[in-house]
Amino acid sequence: MEKEKIDYDYLLSNVQTQINNFDNKANILLAIVSITFTLSLLLLESITGLSDTRRLLCIIFLSLYLLSSLITLTFLILVIFPRKSKNGKGDVNYYKDVARISKQDFIDLLNDGKYDYTSSLQNQIYVNSVICNRKHKWLVAAIWSLLPLIALLITNLYLIII
């Protein structure tokens with residue numbers, strides 16, 4: 001029975017697609033949280049007409065809301081933070097490594113029969129998978145941090161409206 005050939009280009013493409021999906025989701029959430037954060041600052045104007053007790057509660061909940069917003073924004077920024085090569089050796093699949101060598105050296109490297117492109121792809125799949133895993137963890141943390149954010153916003157609106 002013949003061993004099935006692994007399509008490393010396809011695997012690398014799948015991991016890169018997942019990374020792009022995490023980045024896109026984080027960008028969307030970043031925009032939404034940033035807009036609500038900015039709009040919530042307008043709530044400061046509406047608490048001036050409240051009684052002292054309600055004003056104090058609103059200030060406390062608004063402070064917690066702003067802190068929670070900043071935590072969520074931090075998690076989302078960490079998702080889209082630029083990735084870096086973790087391996088010490090040069091790799092033609094990583095743009096910084098390619099940019100460090102001359103054009104002729106790059107062409108010679110690719111045309112040289114000694115360069116192991118399969119090993120390079122395997123390494124890049126691993127590195128990108130580690131990056132993808134890190135982005136997933138930060139995105140999940142950001143989504144969980146949205147829960148107190150929503151609860152605090154609703155509490156503030158409730159205190160101001162009633």
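Mentor: Happy to; what follows is a look at helix α3, its buried residues and the helices around it. Please keep in mind that this is a predicted model, in which local features need pLDDT of at least 70 and side-chain atom pairs count only at pLDDT 80 or more, while totals for chains, interfaces and linings use all residues. Residues are numbered from 1 along each chain as its sequence is written, and side-chain values use heavy atoms, with hydrogens and water left out.

Let us begin with the helix itself. Helices here are DSSP runs of H or I with at least four residues, numbered from the N terminus. Helix α3 covers residues 52-80, which is 29 residues. From its first C-alpha to its last it reaches 42 Å, close to the 42 Å expected at 1.5 Å a residue; that expected span is 1.5 Å times one less than the number of residues.

Now for what is hidden. A residue is called buried under 20% relative accessible area, exposed over 50%, and partly exposed in between, using a 1.4 Å probe and protein chains only. The buried residues of α3 are C58, L62, Y65, L66, S68, S69, T72, L73, L76 and V79. An α-helix has 3.6 residues a turn, so residues three or four places apart point the same way. The cover over the buried residues of α3 includes α1 (8-40), α2 (43-46) and α6 (117-161).

Leaving aside neighbours within four places in sequence, S69 is in contact (heavy atoms within 4.5 Å) with V33, F37 and L149. I60 also has its place in α3, but at 41% relative accessibility I60 counts as partly exposed. The C-alpha atoms of I60 and L152 are 9.9 Å apart, although 92 residues separate them along the chain.

How do α3 and α6 lie against each other? Their axes, which are lines fitted to C-alpha atoms over the stretch in contact, with angles from 0 to 180 degrees between N-to-C directions, come within 8 Å and cross at roughly 160°. That makes α3 roughly antiparallel to α6, a label for angles over 145 degrees, with those under 35 counting as roughly parallel, 65 to 115 as roughly perpendicular and the rest as oblique. By class, their contact has 22 nonpolar, six polar and two charged residues; Ala, Val, Leu, Ile, Met, Phe, Trp, Tyr, Cys and Pro count as nonpolar, Asp, Glu, Lys and Arg as charged, and the others, Gly among them, as polar.

Methods. Helices (H or I, at least four residues) and strands (E, at least two) are DSSP runs, numbered from the N terminus.
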